[in-house]
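Subject: A structure for you to look at

Hi there,

Here is the structure I promised to pass on. Please open it beside this note, and then read on for what turned up.

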Amino acid sequence: MKSLKDRIEQLGKTLGRKHIPESYTDYKSVRLEHEALANRDVRQLQKEGKRSRILELHGRSDLNPKWTFDNLVEDSDDVKEAISIAHSFIAAHEDPAWRKSGSHMMIFYGDYGRGKSHTAGAIAHELINQYEITVLYRQLSTLLEMRFFSYDYSATDKAGEKFREINQELLDVDLLILDEVCVNESALKKNAQSWLGNILRQRLAHNKNCILITNHNLAELEKALGSYCFESIKEYDTYKVRFEGPSRRKEIIPTQIESHRATGYQPNQVK
């Protein structure tokens, strides 16, 4: 069986062509080459588009950029357990059925400085990077202050309009992180309890996830939030994570020994 090149040469001789080309254009190969280049360009554009979307999601989240797993020190069993639960929560998002199955809530509770906010932020960063999840981090006390000022109808700073926009964000975002929940509060005011309870119930109805961070234990948290608000929390698939131990933050006031070193005095020094 003659090759394509042989058939081309024979055709050229039949037509009386004096010059028979040494090579010919394989249009199938050319098409495949161009398709490969086009697909490469598409993949590059998709990659750049994803990078741009992720940067925008991080910017809108209001997260501390230092809150990552790489920066989280696993120095105790409670932190290690929290990180294990966090990774399980992140991995579950790979299953679309799980994401659509209901609303999930993580409650991080424990004393100051144990890494609650850091762990929540690390979860959020990973969800943005891996699944382009929309995230919003807010301190509850700040929201309540903004809500209070939004009732000043004579104000010229458009506080009411700004709060309505934020309130809608609280409902729409995929993952809402509320920090400092009931900080320095033994009980929220009734209208604040109702407002927060409504936010949580609406998010529950639309399969939106939440992370609550508090310094209260669970009994104190229930009392501080009130029955209506806490009942809405019970409707979520809830994961409770306790952070124990002393604060890991740097001391501002020096210890007694450090103070003595600074002054040159040593305890029980013999004169």
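Phe-89 is buried, because its relative accessibility is 4% (buried means under 20% relative accessible area, exposed over 50%, partly exposed in between, with a 1.4 Å probe and protein chains only). Before going on, please note that this is a predicted model, where local features need pLDDT of at least 70 and side-chain atom pairs count only at pLDDT 80 or more, while totals for chains, interfaces and linings use all residues. Residues are numbered from 1 along each chain as its sequence is written, and side-chain values use heavy atoms, with hydrogens and water left out.

The structure has five aromatic pairs (ring centres of Phe, Tyr and the six-membered ring of Trp within 6.5 Å; planes under 30 degrees apart are stacked, over 60 edge-to-face, the rest tilted). Tyr-239 is partly exposed at 29% relative accessibility. Together with Trp-98, Phe-89 and Tyr-239 make up one aromatic cluster.

Next come the charged pairs. There are seven salt bridges in the structure (a side-chain nitrogen of Lys or Arg within 4 Å of a carboxyl oxygen of Asp or Glu). Among them is the one from Glu-132 to Arg-53, whose closest N and O atoms are 2.7 Å apart. That pair links distant parts of the chain, 79 residues apart: Glu-132 is in the loop between H5 and S2, and Arg-53 is in helix H2.

Another salt bridge joins Asp-62 to Arg-138, with 3.1 Å between the closest N and O atoms. Asp-62 is in the loop between H2 and H3 and Arg-138 is in strand S2, so parts 76 residues apart in sequence are tied together. Arg-138 is buried, at a relative accessible area of 18%, whereas Asp-62 is partly exposed at 48%.

What do the backbones of these two acidic residues show? Most residues other than glycine have a negative phi. Phi of Asp-62, however, is positive, near 65 degrees, and Glu-132 also has a positive phi, of about 55 degrees.

Happy browsing!

Key
Helices (H or I, at least four residues) and strands (E, at least two) are DSSP runs, numbered from the N terminus.
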